[in-house]
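Hi,

Here is the structure I promised to pass on to you. Have it open while you read, and I'll walk you through what turned up.

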Amino acid sequence: MMVMNEKIIVVGGGIGGLTIALGIAKEKKSVIVLEQAPEFGEVGAGIQLAANATNVLQDLGVMDKIKEIGVFPNRLVLMDAFSGEELSALQLGEVYEKRYGAPYVVLHRSDLHKVLYDACAESEYIELVTNQQVKNVVDEGERVIVTSANGDVHEGTSIIGADGIWSEVRKQFVQDEAVCSEYVAYRGAIPTKEIGNDIGNLDDVYMWIGPNLHLVQYPVRKGELYNQVVVFKSESYRPEIEQTDQWGTPEEMDTVFTGTCDRVQHAISFIQRQRRWPMYDRNPIDTWTKGNIALLGDAAHPMLQYLAQGACQAFEDAAYLTQQMKEKATVQDAFEAYAEERIPRASFVQTSARVWGEIIHAEAPETILLRDTIMKSRDSLDFTYIDQFHGYKVEEK
Ligand SMILES: Cc1cc2nc3c(=O)[nH]c(=O)nc-3n(C[C@H](O)[C@H](O)[C@H](O)COP(=O)(O)OP(=O)(O)OC[C@H]3O[C@@H](n4cnc5c(N)ncnc54)[C@H](O)[C@@H]3O)c2cc1C
């Protein structure tokens with residue numbers, strides 16, 4: 001089947017793909033989103049969105065919907081996973097919103113995805129198509145041609161690859177390998193009432209840290225569900241078994257977390273063990289666009305999740321590209337201006353996530369002492385470090 005049209009083709013209907021589709025539609029341009037899965041959706045875990053993302057959601061006019069399902073936490077709290085001591089906290093709420101012009105929100109991924117999906121489905125400019133595992137993209141200059149595994153062929157004016165860390169579109173730019181961090185995550189959201197009272201303050205986001213491990217906890221879906229992400233470095237990792245599930249096993253998780261404080265032990269007892277997520281990123285690249293093709297989101301800058309900025313960067317990408325599409329005469333010009341601004345920015349966040357990982361997972365006692373001393377002396381209203389991540393506003397660029 002050949003589908004002829006004058007549309008911009010977005011490959012991938014994740015958070016990044018749907019957000020850029022909304023941006024393009026805002027500029028009254030037609031867009032088709034091709035998703036490989038049989039249904040649009042997200043995994044059953046939580047996501048944190050800082051102001052650099054919620055500013056974009058506000059501009060897209062979906063913030064009211066987000067308010068119906070999200071949780072607006074009071075503090076981001078860093079805890080010692082072994083001693084149980086609070087190391088540092090950052091004030092959110094009103095003071096945060098005033099500083100950055102938008103709130104910090106935590107929510108269920110499928111709730112966020114649904115808000116974006118529903119907004120796309122309502123738009124007359126957006127076509128959403130499933131079962132389209134894109135296998136080949138060709139830029140002929142006058143037109144682009146995208147072929148899916150099932151033989152469907154889509155023709156358009158340009159392509160945005162928003163197809164995640166294992167991106168097919170990225171192969172047009174670079175033949176690089178994903179970098180295995182040797183860390184794995186176990187995650188999921190469970191009914192809050194099942195966990196009992198031993199979870200601290202429900203208004204806070206907790207990050208528990210220790211040598212080669214961390215745990216993140218926060219409520220989602222108006223507090224009905226509690227999200228937990230357990231992350232640790234696998235001692236049994238070896239390159240030969242990377243593609244198997246023989247490393248980073250649940251049994252290894254129990255061993256690595258032995259000796260952690262009661263609240264962390266309690267959390268681990270509730271973590272789902274059926275599915276594990278090996279943690280990968282890629283090295284930054286210096287080309288995100290060529291002719292009529294551009295990359296966006298994890299396809300462009302897959303990063304470790306330690307700063308909770310991967311999706312936030314996809315929102316920034318989408319907002320900046322939308323702005324350029326409004327200002328530039330051609331989509332190609334918009335792609336070029338977009339890449340020029342976004343490559344240094346997202347690459348900085350990508351590499352900062354690795355550095356933050358080194359800091360929170362530090363092993364050497366002298367490093368831990370220095371880190372904790374600095375953390376404890378930090379005021380909860382000191383946004384100096386956070387400004388560079390949460391304070392990015394597209395309209396000021
Ligand atoms: C444990 C964990 C916790 C995280 N926490 C946070 C957080 O708190 N805050 C934050 O900002 N970020 C967080 N992230 C990062 C965030 O999840 C990603 O950066 C974000 O989902 C990227 O969105 P995306 O749309 O670019 O890619 P994806 O979410 O990967 O979406 C890509 C889409 O493309 C589809 N696709 C793939 N290949 C093809 C193809 N060939 N053809 C058609 N469709 C295709 C996929 O099915 C998918 O729907 C976390 C990541 C992890 C692993």
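An oxygen atom of the ligand sits 3.3 Å from a polar backbone atom of Ile15. That falls under what I'll call a polar contact: a pair of N or O atoms within 3.5 Å, where within protein one must be able to donate a hydrogen and the other to accept it, and residues adjacent in sequence count only if both atoms are side-chain atoms. Asp298 uses its side chain instead, with an N or O atom 2.8 Å from a ligand oxygen. With Cys312 we're back to the backbone, where an N or O atom lies 3.0 Å from an oxygen of the ligand. On its own the ligand exposes 1,000 Å², and the protein buries 86% of that (areas come from the Shrake-Rupley method with a 1.4 Å probe; for residues, only the protein chains shown count as cover).

Before you go further: this is a predicted model, so local features need pLDDT of at least 70 and side-chain atom pairs count only at pLDDT 80 or more, while totals for chains, interfaces and linings use all residues. Residues are numbered from 1 along each chain as its sequence is written, and side-chain values use heavy atoms, with hydrogens and water left out.

Helices (H or I, at least four residues) and strands (E, at least two) are DSSP runs, numbered from the N terminus.

What does the UniProt record say? It places a feature called "domain: FAD-binding" at residues 7-347, in an unreviewed entry. UniProt positions are in the numbering used here, feature names are shortened, and annotations may be inferred rather than shown by experiment. Over residues 7-347 the chain is 30% helix and 29% strand, with the end C-alpha atoms 29 Å apart.

Now for Glu35, which you'll find in the loop between strand 2 (31-34) and strand 3. Is Glu35 buried or exposed? Its relative accessibility is 13%, so Glu35 counts as buried (buried means under 20% relative accessible area, exposed over 50%, partly exposed in between, with a 1.4 Å probe and protein chains only). Leaving aside neighbours within four places in sequence, the contacts of Glu35 include Gly13, Phe40 and Gln132 (contact means heavy atoms within 4.5 Å).

Two of those partners deserve a look of their own. Gly13 lies in the loop between strand 1 (2-11) and helix 1, and Gly13 is buried too, at 1% relative accessibility. The C-alpha atoms of Gly13 and Leu116 are 103 residues apart along the chain but separated by 9.9 Å. Gln132 is in the loop between strand 7 (126-129) and strand 8 (134-139), buried at 4%, and its side chain makes a polar contact of 2.8 Å with the side chain of Asp152.

Further along, His390 belongs to helix 12 (residues 384-390). His390 is buried, at 5%, and its side chain makes a 2.7 Å polar contact with that of Tyr96. Tyr100, Tyr104 and Gln309 are among the other residues in contact with His390. For contrast, go to Glu122 in helix 5 (residues 109-122), which is exposed at 70%.

Last, some backbone angles. Most residues other than glycine have a negative phi. Arg221 has a positive one, near 45 degrees, in the loop between strand 13 (213-220) and strand 14 (225-233); Arg221 is partly exposed, at 27%. Ala308 also has a positive phi, about 50 degrees, and sits in the loop between strand 17 (293-295) and helix 9.

Happy browsing!
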